[in-house]
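I opened the model to look up a few local features. My notes follow the order in which I checked them.

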Amino acid sequence: MRGIALKAILALAACAVLVVTLGNSSGSKASSTLIFAGAADPTYLDPALASDGETFRVTEQMYEGLVALKPGTTKVIPKLALKWKSANRGKTWTFWLRHGVKFHDGTPFNAAAVCANFNRWYNWSGAFQDPSATFYYQAIYGGFKHNEVSGLQPPLYRSCAAKGQYKAIVKLRKASGTFFPSLVIAPFSMQSPTAMRKYGADQGELRNGTFRATGSYAFEHPTGTGPFKFKSWTIGQKVEIVRNDKYWGQKAKLSRVIIQPISDSTARLQALQNHDVNAYDLAAPQDIPTLSGNSSLKVIKRPAFNVAYVTIHQGSGPMKELKVRQAVAYGLNRKGVVNQFYYGTGKVAQEFMPPSLYGYAKKVQTYAYNPTKAKQLLNSSSCHVPCHIDFWYPTAVSRPYMPDPVRNFQGFQASLENSGFSVTPHSAPWRPTYVAKVNEGSAGDLNLIGWTGDYADPDNFVGTFFNQTTANAQFGFSNASINSLLLKAKNEANFAKRVALYQKLNQQLMKYLPGVPYAHATPALGAEKRVHNLIATPVGGVWFQYATVG
Amino acid sequence: MLRYVVRRLLLLIPILFGLSILVFFWVRALPGSPISSILGERATPALIQQYKERYGLDEPIYKQYVKQLRAWSHADFGTSIATHRTITYEIKQRFPATVELAVAAMIFAISIGLPLGFFAAKKYGGLFDHASLFISLIGISIPVFFLAIILKYIFAVRLGWLPTVGRQSVLIETEHPTNFYILDAIITRDWAALWDAIRHLILPAIALGSIPLAIITRITRASVLDVQNEDYVRTARAKGLAPITVDQRHVLRNAMLPITTIIGLQVGLLLSGAVLTETVFAWPGIGSWLRDAIFNRDYPVIQGGILFVALIFVLVNLIVDISYAIINPRIRYS
Amino acid sequence: MSLAEAEAVEIGIEAPGGLWSEAWRKLIRNPGAITGAVIVGVMVLTALFAPVIAPDDPRFTDLNALNHGQPVGPNAEHWFGIDTLGRDEFSRIVYGTRYSLLIGVVAVMIGLTVGLTLGAIAGYAGGYADSAIMRCMDVMLAIPGFLLAIGIVAMLGPGLGKIMVAVGIVNIPIFARLLRSSILAQKQNDFVLAAKAVGVRGRSVLTAHILPNAISPVIVAATLAMATAIIDVAGLGFLGLGPQDPSTPEWGTMLTDANNYLSSAPFLAIIPGLAIVLSVLGFNLIGDGLRETLDPKLRGR
């Protein structure tokens, strides 16, 4: 008996040593492959049907739009369109297209293709009109040719005409300031009409209330014009894209990019530390010191394009009075919170949009932390010290603009209590309750929330927050002056005039104080030091085109 | 015998029926709206209202139940809100991963637990016995996810011996006819892939197998202790048979019987433990699928997933019960 | 029938009256049980005298104590270090004993009271009541325990109280089944039949003869259930379903939070993890000791 036991133990030990030594391959020795870890799998590789950053990260490598944002900035530059002009007070847009561009399947990119894309979106029917299918199209263009669902806006788009190979004319039913800036986002990329037709890109159904694409286009045959093209997608495990050697512009340096979903942020960090991946997105802020402290790793910063703010709900309670809102603004120690809990990645916000965006007003009313002034204001209002308020914050979440909601809340609670308020805390998990409560205005007098911009236009910030419906529901106010300014700015065709209007709006907002913006954060990515030229875009994407490993 | 089988099968019907009702009403009791889950900050009240209007869940409840039953009978378990793929598809993808992990965990547990328990019984009262009892106690006292985190931290992150996440290195290209990676690698004779798959299995299997290991050790020990003193063993020894032969022919074989009874229990433990283990190791199985669904409030997945797991559990228990009845006639008449 | 039930039958059949005193004597001499009792005893004392033992308020956050926003490791002033919000980890562990004990007791109480009632009715009444109750229990048992708890919490919403209830509910069918089979076994027992023959009334038979003997496996199961409850609650907390107030000094939640800081402050995860392991070990040791003393097969060795 003893002999057998001994032999067994020796055998086990031998196996263990074998496993460790033989199998110890690090993630990527080949320098022309980059392995990137995101947080989740894409939904579809047809960006027109998606609304999540994980999908866009992949599709932005394979598809291009008429225009794009200069990598790492919010400046609009030509992409598939070389020149453009708007006429007829912004209702007609002419695009002159780039010559000699081909889709990955070899078919030519031309004006007919552009119109095919626009018309595809406009003609969507049935299941495709569900908001879970075409969120961004509905957000910008409203409705479709035949609105089959109640609640859809009348369509913004009228028609598209191809004049020759390289001139496309898009007509809208009314002027829109958001049409042009929105062309940069992934859902409005140009896709190959031939491939879409061949592989059933417009086949879908609604099952139990959710949209499902049933053609194979979105899973196996995404076809764009970008510097990378599709190789394979093992659902739940990895997406593989390879260099497009026939790309019209600067060819990618990497021959292959593999994108792998790892949902836990600690697991992503550990995968990087173990060199199982070369880089990853959505680095938790508390891991930034670990990344910087590691001699083979580094932090890549994403330019700030978000805002975290404190909603002030005026519907009922003391917040109706401007003085009380001002007291809140003076009572929030925004500088302290940003310094303590953003790990060097945050800046105090003075307005509801980031400074890099046009329309940002250089001079607005500011509210430095001043407990004495806050108490004075309260005592001269109808809510004397201590003024009782309910303050909500989310749990079980970390947002790019607010990586640590709990600590932010505790910092604010302490400073408000110092400033004459008596704060009752409330919390709810981010999913499913918190956001819904904030949006419908049932999250107390104050709550923490924020926004990351989708595209570089002020309407995507202040328009989203303070349009009539949301102003009413989330913030509990209705202000004719702000509302009319918003609409005017949204539909103004002249760019310089628009900028001025938004600046004026921002000044008004910071006087009216529907809420208190407090931070712009630079979310971070983690990467190996030997990864170069990996560019993180403000709106949440990543550029692999210029990147190299080693 | 046949009567027993038929009886057990008939018992299945009310259980399945009860399960379907339980899950159906339970899903409707879940809070929150799926649309706010998907869209996050972008779920404006207008959108939520549009959604509610469209899928007016205002039909009478029994009609909904019948519709749901009909759907279930066609193996239509719905569509995931997060990934837009059918539940059936996801299960087909993910179930083999969990099975592979569970089997690996059981192999680990049995190959170490059985000899450990056996020798502990042989050296009853000695140091080895107490040590193995202690180890098994620790095994059931450590939360599975804590063990997984510690293992990962030590062996993957700190020492770098084993990979941190997933089933397979993303650099390996290989076919997956069966979706059981070890099998696939053997079928396609891709030895690098086989090695890679094994390396990825080791840590999760150890973490998941820790509890079955503990239980098997103790059951084996108790069982061997029992059998050793049975008359037929004493007779065999008295006959002059060599100790090894006695052990092999009589003790081991009979000691293994109780293990089969607890396999049903083990499957339940493995399925539950898988939720935690798969999350820590990003193992693409049913466990992490359920965990993500809970986190994302992906109700069709939670419903379909739990229903599926319950079905498996019930079926396994059925098979175990029937096979135990075949082995041990006394049970049939209880 | 499950292994626990088989064991219950064994214990029940061979257990006439003098069980308790004999068991007690054996228990005292069992080193494992003694260790377990010591551990649990220390826990209970810590929980009772937490305000005296803990140097600080476990919820008091002192953001200035942090080292550039990072937690501080164990040192002379803070024996277990400081957590992510500047709270004293030692105090949190000490107060955490209260939560762990509370969780175990509440969960087991729920399972016991409801489960035993159902099991007693089913076992003693038999017939339709028995079938109906047992079918319900079967449906509940059809879903593995932890997943059932997840399902219940998903329905009730997250929170410490809710997960205690969930884990408690999961225990119900286990106790019901246990007591029922134990009672069924007892019913056939000679002395019960004798009592009945003599004319002792049904209820007296139940309380005087059946229940005392049927209780021993329940005691063992209850102790082990306490251990499982603590682990399950920690697991539920790990999935994000636990106390929503992150300042709660509950070991499972502390472990979950610490997972995000594993590379910078591993002690934040190791310490509460060890606390959980120790407390669960304590209950398991006692439960094991009880099982050994009450199990007739191991008697006489």
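I take contact to mean heavy atoms within 4.5 Å. This is a predicted model, where local features need pLDDT of at least 70, side-chain atom pairs count only at pLDDT 80 or more, and totals for chains, interfaces and linings use all residues. Residues are numbered from 1 along each chain as its sequence is written, chains are lettered from A in the order in which they are written, and side-chain values use heavy atoms, without hydrogens and water.

**V539(A)**

I looked up V539(A) and its partners. Beyond the neighbours within four places in sequence, V539(A) touches L69(A), F305(A), G453(A), D454(A) and Y455(A). V539(A) sits in the loop between β23 (535-536) and β24 (542-543) of chain A. Strands (E, at least two residues) and helices (H or I, at least four) are DSSP runs, numbered from the N terminus.

**Sheet in chain A**

I traced an open, mixed sheet of seven strands, ordered β10-β11-β12-β1-β13-β21-β14. Two strands pair if DSSP finds at least two bridges between them. β10 (228-234) and β14 (297-301) are the edges, each pairing on one side only. β1 (residues 33-38) runs parallel to β12 (residues 256-261), with six bridges joining them. There I found I35(A) opposite I258(A).

**Chain B**

I counted 15 helices and zero strands in chain B. Of its 334 residues, 56% are buried.

Methods. Buried < 20%, exposed > 50% of the residue type's maximum accessible area, 1.4 Å probe, protein only.
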